[in-house]
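Please keep the sequence and the structure in view while reading.

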Amino acid sequence: MSRLSESVTSVMHILDGADLGADYTVSQLLDETTARRSLDLSDLSPQEQAALVEGRAINLIPSAAVLAEKIEAARSEGRQFVIKYGIDPTSPDVHLGHAVPIIIASRLQRMGHHVVFIIGDVTAKIGDPSGRSSERPALTDEDITRNLSTYQQQVTPFIDFERADLRFNGEWLNKVSLPQLVEILARVPVSMSLQREDFRTRIAEGQGLSIAEFVYSVVMAMDSVAITADVELGGVDQLLNLQMCRKVMEISEQTPEVVITTPLIEGTDGTGSKMSKSKGNYVGLTATPDDVYGRLMSIPDHLTEPYLQLLTEWTDDEIRVVTKRLEEGTAHPMAVKRILAGEVVAALHGPHVAAAARAEFTARFSKRSFGDTQNLPVVSVKEHADATLGALISRTLDFAPSISAVRRVAQQKGLRLIREVDGEQQTTQLTEASVQQALGAVVSEIGALDGVELYLKVGRKVARIDA
């Protein structure tokens, strides 16, 4: 039995009927899973390693079997198996969305492989065009220097830099001659870039699209050539860039790297948008332990399972047990969020800090009323009785970008009416059908409002409803 299997057996034993809301249970689980984050996984076979990676991937190209073969070949040749992860310093903050592929890199490192963490000090000047509807403003050298100053510190909770390399792609890209670049570009079909929907949309709409953006993925691919990468990790939005890396490695007469893409984690507000600093729905790796814990405790219930999958060391079997207990009603969603929040704080700051954050949160918020929250937006039933809930949320309150987004929140069980009577909360889950109902009709269905404080919760956002 592998060390990971032994750990899973211990956790499954704890989960079997334990009170998941009890501090003792939470502490037991955290002790086990914290130890797992430093667990040596090199005793897993190449096939087991590939399967463990595949379980958290959206794409594994060309296949898990090829990944296992490459791991086996590196072992037999006695050479390092090189894992590449790159990030452009376009912002000073790394958040949990960035951490998803970094956590996979951490596991690969614990499998005995060599991680090369690349800071794109040159590619940041071009700007990754993936998913953008307009050209990114150019960054100066000063911007880049300021942004990247704490990157290593921010990802150190996941990557052991005593056994990994931190590289800047300026080391090799600043030395590339024009003839070298042209030689590669001459062998890259234009169709590889034109298959990008974002490029086609920008061209069709007459938006700016520079030649520099057009060749971004080729320049990024030269990083893979420089370090002879065996594997590259990135979010699923990077898929076309990573496929270009395979193409340029082939042009350079290297064996193309295996591409692993991971899901884009949904933001904490539950509106369906990906985690992003610009949307304010993110958890920064530099946030205080109390802030990290509090933000994760406030996520909609439907995000708990994917967050456990993508941000922790829990296995699918363990998550299935917890999910089943939630469905059966033998575990409370808030108890599982306490486990999740503790896991992430422990990963960033250690288990003792996680325990302190849990105690602080319990002391501050266990009896918290929405009425204690300052400056909540207020909606008058009298004034907006005939407005549909979807229009009210998306236009009047500006809590969501569209009525369709409100409908998605409802589908994901993030749309709720909350009645407070003498500090006690009663929650009514609103369905997708409620989005098209008038506010007056929705409110009347929950009964009289005399002596009741009524709140509308959309993901993490809250508004007070006045009669």
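Helix α17 itself comprises residues 304–311, and T304, Y307, L308, L310 and L311 are buried in it. Buried means a relative accessible area under 20%, exposed one over 50%, and partly exposed a value in between, with a 1.4 Å probe and protein chains only. Helices (H or I, at least four residues) and strands (E, at least two) are DSSP runs, numbered from the N terminus.

## Basis of the model

The model is predicted: local features need pLDDT of at least 70, side-chain atom pairs count only at pLDDT 80 or more, and totals for chains, interfaces and linings use all residues. Residues are numbered from 1 along each chain as its sequence is written, and side-chain values use heavy atoms, with hydrogens and water left out.

## The chain as a whole

The chain contains 24 helices and 11 strands. Its radius of gyration is 24 Å, close to the 23 Å that the globule rule gives for 467 residues, so the chain is as compact as a globular protein of that length. The radius is taken over C-alpha atoms, and the rule is 2.2 Å times the number of residues to the power 0.38. Along the principal axes, the C-alpha atoms fill a box of roughly 75 × 60 × 40 Å.

Of the 467 residues, 51% count as buried. Among contacts in the chain with a separation of 6 or more, 74% are accounted for by residues 24 or more positions apart; contact means heavy atoms within 4.5 Å. The chain exposes about 21000 Å², of which carbon and sulfur atoms supply 49%. Accessible areas come from the Shrake-Rupley method with a 1.4 Å probe, and for residues only the protein chains shown count as cover.

## Strand β2 and its parallel partners

Strand β2 covers residues 82–87, and five of its six residues are buried, so the strand is largely enclosed by the rest of the structure. β2 pairs in the parallel sense with strand β3 (residues 114–119) over six bridges; two strands pair if DSSP finds at least two bridges between them. Within this pairing, H114 in β3 is the bridge partner of V82. From β2 the chain crosses through helix α5 (residues 96–110) to β3, in a right-handed β-α-β crossover. A crossover is right-handed if, with the strands pointing away from the viewer, the path from the first strand over the helix to the second runs clockwise.

β2 also pairs in the parallel sense with strand β5 (residues 231–235), over three bridges. Here Y85 has L233 in β5 as its bridge partner.

Strand β10 (residues 453–458) is mostly covered, with five of its six residues buried. Five bridges join β10 to strand β11 (residues 461–466), and the two run antiparallel. L456 stands opposite A463 in β11. Two residues lie between the strands of this hairpin, in which G459 takes a positive phi near 65 degrees.

E453 belongs to β10 and is partly exposed, with a relative accessible area of 38%. Although E453 and R419 are 34 residues apart along the chain, their C-alpha atoms are separated by 5.7 Å. Apart from neighbours within four places in sequence, E453 is in contact with I418, R419, E420 and R464.

## Helix α15 and its end

Helix α15 (residues 239–251) has 13 residues and should span 18 Å at 1.5 Å a residue; its end C-alpha atoms are 19 Å apart, which agrees. The expected span is 1.5 Å times one less than the number of residues. Among the buried residues of α15 are L239, L242, C245 and V248.

α15 is followed by E253, which lies in the loop between α15 and β6 (258–262). At 75% relative accessibility, E253 counts as exposed.

## Backbone exceptions

Most residues other than glycine have a negative phi, and most peptide bonds are trans. E253, however, has a positive phi near 65 degrees. D398 has a positive phi as well, near 55 degrees; this residue is in the loop between α22 (389–396) and α23 (403–411) and counts as exposed at 56% relative accessibility.

The peptide bond from I61 to P62 is cis, with omega near 10 degrees. P62 is found in the loop between β1 (59–61) and α4 (64–77).
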